[in-house]
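Biologist: I would like to learn how to read side-chain features in a model. Please take them one at a time, with the general idea before the case.

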Amino acid sequence: PFLLRANSAIPASKMAALRACAYLSLWATFVLAEEVDDALADDDQCQGDEQCSFNAVQLRGQKVPDAEEEPEVNETELGASMDDCLQHGVYYTERWGGHHMAGTYRTRVSDADICQAKCAAHPGCGHFSFWSDGGCLLTSGSAFAKSHSGVIAGPATCQTITPSNAISKPEPSPGAPSTSGSNAERALEAQGMLGYAMREHYHVYNPTVSSLKLPSQAPLQTFYIYRATSGKKFPMQNVNAANAEGVMWYLHNEIVRYVPRRFAIDRIIRFKVQYRAPTPLHDKGMNFGVRYAFDSGKCTGPGDCSKELGKYGNFVGCNLVYQYPTPQFEDGKYYGSPAWYSFPGDCSSKDYLHQDNMCKTYQPGGACKGTPTGAGDCTYSYEPAGFVMLDDVVGIKDYTSFARAGGREYVAGFGVSQSICRRYRSTCDKGIHLDFWDWKHSEKYNKLRVQKMKDEFKKKYPGEEELGDAPCDFKKYEYEH
């Protein structure tokens, strides 16, 4: 505001408009901060509760706002500027004879723009060379050009023309969803795929273990994972998820015994995952590593996350609910093989509020586009595969009316349900006006519950393929030794 006040050359009418914009920007900043605080407060509601496994399977992190339409941009002006910047038919080589700068190696990317973005993100990179087979090489500022057909080269950044009708956008705060990219990429973000569509454009991965730079020979596994949610949209990285048995056990153990349901959970969402284990882990006879927990997007163990991910690559972790590192949930065995998974993403060493662009660039996670190669920074990919409402699964037509009539989905006999059990002992370990969750320790009924959830997905998405679980083959001793 004081800068606006100091410029006396601006007409009074325009000055008023500028001040209004400035105040609006400040107001928007406070609103965004408030939304982030709300999301993180939801994330921490389970702290101090020994029986709470919320941090293992529940959605965590920052809300993702709905995608907005981008302003129209004069593509002719932009395209002309980019063509002037890029050089066709040349490549760059170092003066000492190398084709790439020290500390880098040849990578494969889909186009010259991505290769240039890699150069812009790497300290000391002055030029890039993109070859017709997808090869991308980075060279220093002292490198010189040589002629060669079929190669596109250029500087780390292009000084593009700013179109007259383009709208200037402020830099996002750390951890905020990006406002750049195509409408298609931003639509993916709005579906909970934040950090997925754009990641390949700027990350740098220089592992100390040489095999992590190369594709793995591990088998490709394709399976569904599930998460319980209230409908908020979250990134699908630096989080935990479950198989069908795991998510139903979680709902039974922690959610449906509360009225209203804990954390306002009202649906189960599903993702289709492709996963290929990195070489160091596969060499030890495993596809999955230890299942990490995340606190607001930060990996909190067990063990030293950064050290182990550096040693083995960005592996997907898993455990059966009743096994290490959560043996306290021993009654999970009545659900058969309830599994939880962990998905390390960019900058997993920090929570969402402190994940800046530099951290995301130099600490890439395992998510990548298409079929994962098994290299340390490309172990899994995912895509949304629908959702079902919890009321439809359990058979409640109107939850509000059900609760007002004294209905209870499940009375467990401990914690919040103790007073009901003392007064009406016949209601323990079952519901009131609903029998879907009756008898938690019955393997027979638990199997039927899981199947009902799967049937609901099949009914809603009849054309979707059926996928089996990926067996959790984590071996603690081999992993640690």
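Modeller: We can start with aromatic pairs, of which a search of the whole structure finds 20. This is a predicted model, in which local features need pLDDT of at least 70 and side-chain atom pairs count only at pLDDT 80 or more, while totals for chains, interfaces and linings use all residues. Residues are numbered from 1 along each chain as its sequence is written, and side-chain values use heavy atoms, with hydrogens and water left out.

Biologist: How is an aromatic pair described?

Modeller: A pair of aromatic rings is described by the distance of the centres and the angle of the planes. Rings of Phe, Tyr and Trp (its six-membered ring) pair if their centres lie within 6.5 Å; planes under 30 degrees apart count as stacked, over 60 as edge-to-face and the rest as tilted. The ring centres of Tyr226 and Phe457 are 5.6 Å apart and the planes stand at 65°, so this pair is edge-to-face.

Biologist: Where in the chain do Tyr226 and Phe457 lie?

Modeller: Tyr226 is in strand E6 (residues 221-229) and Phe457 in helix H14 (residues 443-460), so to speak of elements needs a rule: helices (H or I, at least four residues) and strands (E, at least two) are DSSP runs, numbered from the N terminus. The pair links distant parts of the chain, 231 residues apart.

Biologist: Are Tyr226 and Phe457 buried or exposed?

Modeller: Buried means under 20% relative accessible area, exposed over 50%, and partly exposed in between (1.4 Å probe, protein chains only). Both Tyr226 and Phe457 are buried. Another edge-to-face pair is Phe271 with Tyr382, at 6.1 Å centre to centre and 80° between the planes. Phe271 belongs to strand E8 (residues 267-275) and Tyr382 to strand E13 (residues 380-389), 111 residues apart. Both of these residues, Phe271 and Tyr382, are buried.

Biologist: Which residues form one aromatic cluster?

Modeller: Tyr292, Tyr312, Phe315, Phe474 and Tyr479 do.

Biologist: What about a charge over a ring?

Modeller: The rule is that NZ of Lys or CZ of Arg is within 6 Å of the ring centre and within 35 degrees of the ring normal. Arg270 lies over the face of Tyr224, at 4.2 Å from the ring centre. The charged end of Lys476 is placed over the ring of Tyr324, 4.8 Å from its centre.

Biologist: Why is strand E12 described as largely enclosed?

Modeller: Five of the five residues of E12 (residues 339-343) are buried, so the rest of the structure largely encloses this strand. Both faces are covered, with Ala339, Tyr341 and Phe343 buried on one side and Trp340 and Ser342 buried on the other.

Biologist: Which strands are joined to E12?

Modeller: Two strands pair if DSSP finds at least two bridges between them. Strand E7 (residues 239-242) is joined to E12 by four bridges, and the two run antiparallel; here Ala241 stands opposite Tyr341. Strand E11 (residues 317-320) also has four bridges to E12 and runs antiparallel to it, with Leu320 and Ala339 as bridge partners.

Biologist: How many disulfides are there?

Modeller: A disulfide is a pair of cysteine sulfur atoms within 2.5 Å, and the count comes to six. One of them joins Cys119 and Cys125, with sulfur atoms 2.0 Å apart. The torsion about its S-S bond is about -105°, so that disulfide is left-handed. Cys368 is joined to Cys378 at 2.1 Å, S to S. In this case the torsion is about 75°, so the disulfide is right-handed. Both Cys119 and Cys125 are buried, and both Cys368 and Cys378 are buried.

Biologist: How many salt bridges does the structure hold?

Modeller: A salt bridge is a side-chain nitrogen of Lys or Arg within 4 Å of a carboxyl oxygen of Asp or Glu, and the structure holds nine. In one of them, the closest N and O atoms of Arg261 and Asp391 are 2.7 Å apart. Arg261 is in the loop between helix H7 (244-255) and E8, and Asp391 in helix H11 (residues 390-394), 130 residues apart. Arg261 is buried at 7% relative accessible area, and Asp391 is buried at 18%. Arg261, Asp391 and Glu409 are linked in a network of salt bridges.
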